[in-house]
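Keep the sequence and the 3D view side by side as you read.

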Amino acid sequence: MEVVVAIIGSAVTEAGRSLCGSFPSIKNFISFQSNLTTLEKEMKILVELKNKVIEDVDYSSDAQMTLWLREVEQILLEMNSVQASMTASNQKLCGRFFNCSERYRLSKETARMLKEIERLLKVGDIAVKMAGRIYLAKAVEHIPGPSIVNQTTASQNLAKVMDLLNDDDVLRIGVWGMGGVETVSLLLQGNLPLVRIPDGFLQAFESLKVLNLSGTHIQSLPESILQLGDLRILLLKECFALEELPKLDGLSKLQVLDCSATGIRELPSGMKILINLRQLYLSRTHNLKTIQSGIISGLPSLEVLDMTSGAYVWGLKREANDRQATFEELQNLERLHSLSIRLEGIPSLQNEDLSLIGRLNIFKLHIGPEAIYFQSKHDKRKLIIGGLQLSGEWIGWLLTNASSMELNNCSGLNLMLEKLVISSIGTYTGLKSLTITKSSSIFRPGGGCAAHDDLLPYLEELRLQELIKLGSISELVGFLGLRFSRLKLIEVSRCDGLEYLLTCGDFIKSLPNLETIEVRFCESLVELFNFPSRENFVPEPVVPNLRTLKLDYLPRLETLSRQDESGIHSKFISCVYHMKAIEQVQVDKCDNLRELPLSIQNANTMKEIRGQVEWWNQLELEEHNTKSSLGRFFKEVPKPKVKWVTVNPRYR
């Protein structure tokens, strides 16, 4: 390695005397020299890591480590080749054979090798960490401090730690703090072999404030944990084998308790003493099916309660067992500002419920047995309702505070929406995302109860999936008075009765902020936008800011808008569908789609057009040179090897 460094250093020194004289050459030389210096340092680290692996690791049965070592040997061989080339050039510098072209070649080779070495360092670091054997570590400066010879407590603590280091069942221990005996953090996370903590171990850290055991295989906590009177944070996330917590009545200063993804079956009664607990995480606790009444509601300082995807379902006071915790209890938590729980049903409107929901900055309420979560940009205040009969329910008080709502496999949606329209005093200005899935409801207002004003004036995302009786989104538009003035996203899939997306006319003339349209598996769809009458209609772009258009498996779709009886088509369509901002078009299995409103101007914004070659060849564009201008953006989508089959399930 020293020979390599010496040769590189010599070559750098002499190469500076043979520059071609131009300013770019000087810049290139500086970059070349910088790369060589970095290469020297990175090679040293790589060789040291390789030697340590060979000395300390049994890699014979580890295919990933073996491959890594081969790649390291390969880069060293390439380095030897560069050495030979640079040595030869170095010997001829007086004759100026180390010219610009030679230096350019070596510069490119050096840059490539540097990238490869950086990759090997990253891969090697990850591989050894996964193997749990060795770690890359930076040197730490030794800071002299007072001797602990006369510090009795420190000497005892050190002796206990050293004993535990020799215990085969405790492999890795991290001790963090301010030095001396005042250790504040003990970080043992990620130690998979760790299955137990000796009872005497924690006694060595009486001043401990943070204990992290996340990702270990511990099966229980030692009773000595109760002696950590100063403990503020206890992290047990993903301790899957942990099924029981000890009484926590000795941890009165605890502020954060994370039991996410543990196997605990109940909360200890001693939790009532945790008067300073601010954050409680119980997400993915699939065995926690019972919570005694008063345990969580008796935590006066609680600010965050996260039970996302947990097994416990909060009951309602009118129906719940008196011994089980109910939703109404949470009203007592005056500091609570973040809540994620499952509810068995929609709570009835009470003043205290309004007070609770209104003061939450963040919430996810999963209501009903089929409350499936779809991720959205507006999930800060999420309302998810699934598998319920909603015909007699009033959800307006929840919508007032929600930013996103999902309705999944719910029956009685039509009657619920009618009640929403009739009983609503104002509009729901906070709701920005609406998702409706798996419903056989007919979205048509009855008895003249259609909304006069837009009930969702700030809606930005609309997702509709498996609504088998939906003929057009316009049915919802007329029902709720929607104008879509701020709508940015429309996603529709598996709505087999859908004939078109929207009717453009009296209610909606354009969608000025719409950026994305995605329509998939709608077998009856014949057009995207319908214009029932074009007489006296002043055309304006329907989707002037559309950036993404994705169409998939729409066998009857022929055009974005069909030609009317008067024959007015081409000029009209060009105007109303002018997509000056379009960036991505994806068309798959839409064999009858022969027209798209694209022009040569779209080459200024287009990034990608994806589809099958047969579709692209038959596509008809208005201007003869448009296809040649846009052709460079086309990327072929391979034909599917399996046949798509759509099956309509029966809904309640």
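Lys488 sits in the loop that runs between helix 9 (474-480) and strand 15 (489-493). The model is predicted. Lys488 has a relative accessibility of 30%, so it counts as partly exposed. Together with Lys377, Lys432 and Arg486, Lys488 forms a positive surface patch.

Now take in the whole chain. The chain has 652 residues, and 48% of them are buried. Its secondary structure comprises 12 helices and 22 strands. The exposed surface comes to about 32500 Å², with carbon and sulfur atoms supplying 50% of it. What share of the contacts between residues at least 6 apart in sequence joins residues at least 24 apart? The share is 66%.

Turn next to charge pairs. Side chains of opposite charge can pair when their charged atoms come close. With a cut-off of 4 Å between a side-chain nitrogen of Lys or Arg and a carboxyl oxygen of Asp or Glu, the model holds 17 salt bridges.

One of these salt bridges joins Arg278 to Glu303, at 3.4 Å from N to O. Arg278 lies in the loop between strand 5 (256-258) and strand 6 (279-281), while Glu303 lies in the loop between strand 6 and strand 7 (304-306), so the pair ties together parts that are 25 residues apart in sequence. Are the two partners buried or exposed? Arg278 is partly exposed, because its relative accessibility is 35%. Glu303 is buried, because its relative accessibility is 17%.

A salt bridge also connects Lys607 and Glu583, whose closest N and O atoms are 3.8 Å apart. This pair links distant parts of the chain. Lys607 is in the loop between strand 20 (584-588) and strand 21 (608-611). Glu583 is in the loop between helix 10 (570-576) and strand 20, and the two residues are 24 apart. Lys607 has a relative accessible area of 60%, so it is exposed. Glu583 has 25%, so it is partly exposed.

Lys635 and Glu608 also meet through their side chains in a salt bridge, at 3.6 Å from N to O. Here both partners belong to strands: Lys635 to strand 22 (residues 634-636) and Glu608 to strand 21, so the bridge ties together parts 27 residues apart in sequence. Lys635 counts as partly exposed because its relative accessibility is 43%. Glu608 counts as buried because its value is 16%. Elsewhere, salt bridges with shared partners join Glu71, Glu116 and Arg119 into one network.

Now look inward. Which residues of helix 8 (residues 413-423) are buried? They are Leu413, Asn414, Met416, Leu417, Glu418, Leu420 and Val421. These buried residues pack against helix 7 (396-399), strand 12 (404-408), strand 13 (433-439) and helix 9.

Leu593 is found in the loop between strand 20 and strand 21. Its relative accessible area is 0%, so Leu593 is buried. What does Leu593 contact, leaving aside its neighbours within four places in sequence? The contacts are Leu551, Leu557, Glu558, Thr559, Val587, Trp615, Gln618 and Leu619. Leu593 is also 8.0 Å from Arg556, C-alpha to C-alpha, and the two are 37 residues apart in sequence.

Arg284 is not a glycine, although its phi is positive, at about 55°. Arg284 is placed in the loop between strand 6 and strand 7. Arg284 is partly exposed, because its relative accessible area is 32%. Glu466 also has a positive phi, near 55°, in a residue other than glycine. Glu466 lies in strand 14 (residues 461-467). Its relative accessible area is 13%, so Glu466 is buried.

Definitions and conventions:
Residues numbered from 1 in each chain as written. Predicted model: local features only at pLDDT ≥ 70, side-chain atom pairs only at ≥ 80, totals over all residues. Heavy atoms only, no water. Patch = residues over 30% accessible without salt bridge, like charges linked within 9 Å, V, L, I, M, F, W, Y side chains within 5 Å. Areas by Shrake-Rupley, 256 points an atom, 1.4 Å probe, with all protein chains shown as cover. Lys, Arg positive; Asp, Glu negative; His and termini not counted. Charge placed at Lys NZ, Arg CZ, Asp CG, Glu CD. Helix = DSSP H or I, 4+ residues; strand = E, 2+ residues; numbered from the N terminus. Buried < 20%, exposed > 50% of the residue type's maximum accessible area, 1.4 Å probe, protein only. Contact = heavy atoms within 4.5 Å.
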